[in-house]
Amino acid sequence: MIDLYTYRTPNGRKPSIFLEEVGLPYTLKKVDLKTGEQFHQDFVAINPNSKIPAIVDHDTGITVFESGAILVYLGEKTGQFLPTSLAERANVMQWLMFQMGNIGPMFGQLGHFRHSAPENIPYGIERYEKESLRLCKVMDQQLASRDFLAGDYSIADIATYPWVAIYEHLQLSIDDCPHLLRWLNRLQERPAVYKGMNILKD
Ligand SMILES: N[C@@H](CCC(=O)N[C@@H](CS)C(=O)NCC(=O)O)C(=O)O
């Protein structure tokens, strides 16, 4: 059985989408970021960086933090959504890392400057909006000739979806990214994606 330490955020929803997709049983362990539970000693013992998500796999005794590493771990554990051939795996990994190193940080900063900064800082908003829109165009172009980021549905899509799904909240105008919008709809229609996105709803 897997314990998933998480909260209602884009990074926090990636492992739940995967786990719903493969039907692995898991226990949700809410780490309330609003009350600072990520800094509690028992959670720091699981992730020294005090960020969700993290998993504890009681079947193997292995603990993993960082959402990308969790998806790779689960992909390897289950043999799903992470191909094993050298070329296909490299392709999935590059799009997974594209998400981890670009989409998450840039969209995250845009969200911060739009909704959480103590004052309105147009420079911050413009910087991260411009880069986020550029990244959307990169994905749109990639999706023009394929249904999923790395060809078949994979952990790269699972990692990216929860961030792109909040484009309206981020006030990102992606009307001129038709392929990206179609990909969003494609993922949205998957029951596991719906379930994984709706964890910890009170
Ligand atoms: N690169 C990390 C980022 C994790 C992350 O930033 N998690 C946020 C929620 S989406 C968090 O725990 N924030 C709490 C804090 O910064 O104190 C991952 O992908 O797992």
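Helices (H or I, at least four residues) and strands (E, at least two) are DSSP runs, numbered from the N terminus. The structure is a predicted model, in which local features need pLDDT of at least 70 and side-chain atom pairs count only at pLDDT 80 or more, while totals for chains, interfaces and linings use all residues. Residues are numbered from 1 along each chain as its sequence is written, and side-chain values use heavy atoms, with hydrogens and water left out.

On the H6 side, the contact (heavy atoms within 4.5 Å) is made by Asp157, Thr160, Tyr161 and Val164, and on the H7 side by Leu180, Trp183, Leu184, Leu187 and Gln188. These residues divide into 6 nonpolar, 2 polar and 1 charged, where Ala, Val, Leu, Ile, Met, Phe, Trp, Tyr, Cys and Pro count as nonpolar, Asp, Glu, Lys and Arg as charged, and the others, Gly among them, as polar. Helix H7 also meets helix H5 (residues 122-143), the two axes coming within 7 Å and crossing at roughly 80°, which makes H5 roughly perpendicular to H7. Here Cys136, Met139, Asp140 and Leu143 of H5 meet Pro178, His179, Leu180 and Trp183 of H7, and the residues of this contact divide into 6 nonpolar, 1 polar and 1 charged.

Elsewhere in the model, 4 strands form an open sheet with mixed pairing, in the order E2-E1-E3-E4, two strands being paired if DSSP finds at least two bridges between them. Strand E2 (26-30) and strand E4 (62-65) are the edge strands, each pairing on one side only. Strand E3 (residues 54-57) and E4 run antiparallel and are joined by 4 bridges, and in E4 the bridge partner of Ile55 is Val64. Helix H1 (residues 10-22) packs on the sheet, where it touches strand E1 (2-6) and E2, and its direction makes about 150° with that of E1. Helix H3 (residues 67-78) lies across E1, E3 and E4 and runs at about 140° to E4.

The ligand is surrounded by residues that include Thr9, Asn11, Lys51, Ile52, Pro53, Glu66 and Met100, each with a heavy atom within 4 Å of the molecule. An N or O atom in the side chain of Lys51 is 2.6 Å from an oxygen atom of the ligand, and a backbone N or O atom of Ile52 lies 2.8 Å from a ligand nitrogen atom. The peptide bond from Ile52 to Pro53 is cis, with omega near 5°, and Pro53 is found in the loop between helix H2 (41-44) and E3. Glu66, in the loop between E4 and H3, has a positive phi of about 75° although it is not a glycine, and a polar side-chain atom of Glu66 lies 2.8 Å from a nitrogen atom of the ligand.

Note on methods:
Axes fitted to C-alpha atoms, helices over the stretch in contact; angles between N-to-C directions. Polar contact = N/O pair within 3.5 Å; in protein donor to acceptor, adjacent residues only side chain to side chain. Parallel < 35°, antiparallel > 145°, perpendicular 65-115°, else oblique.
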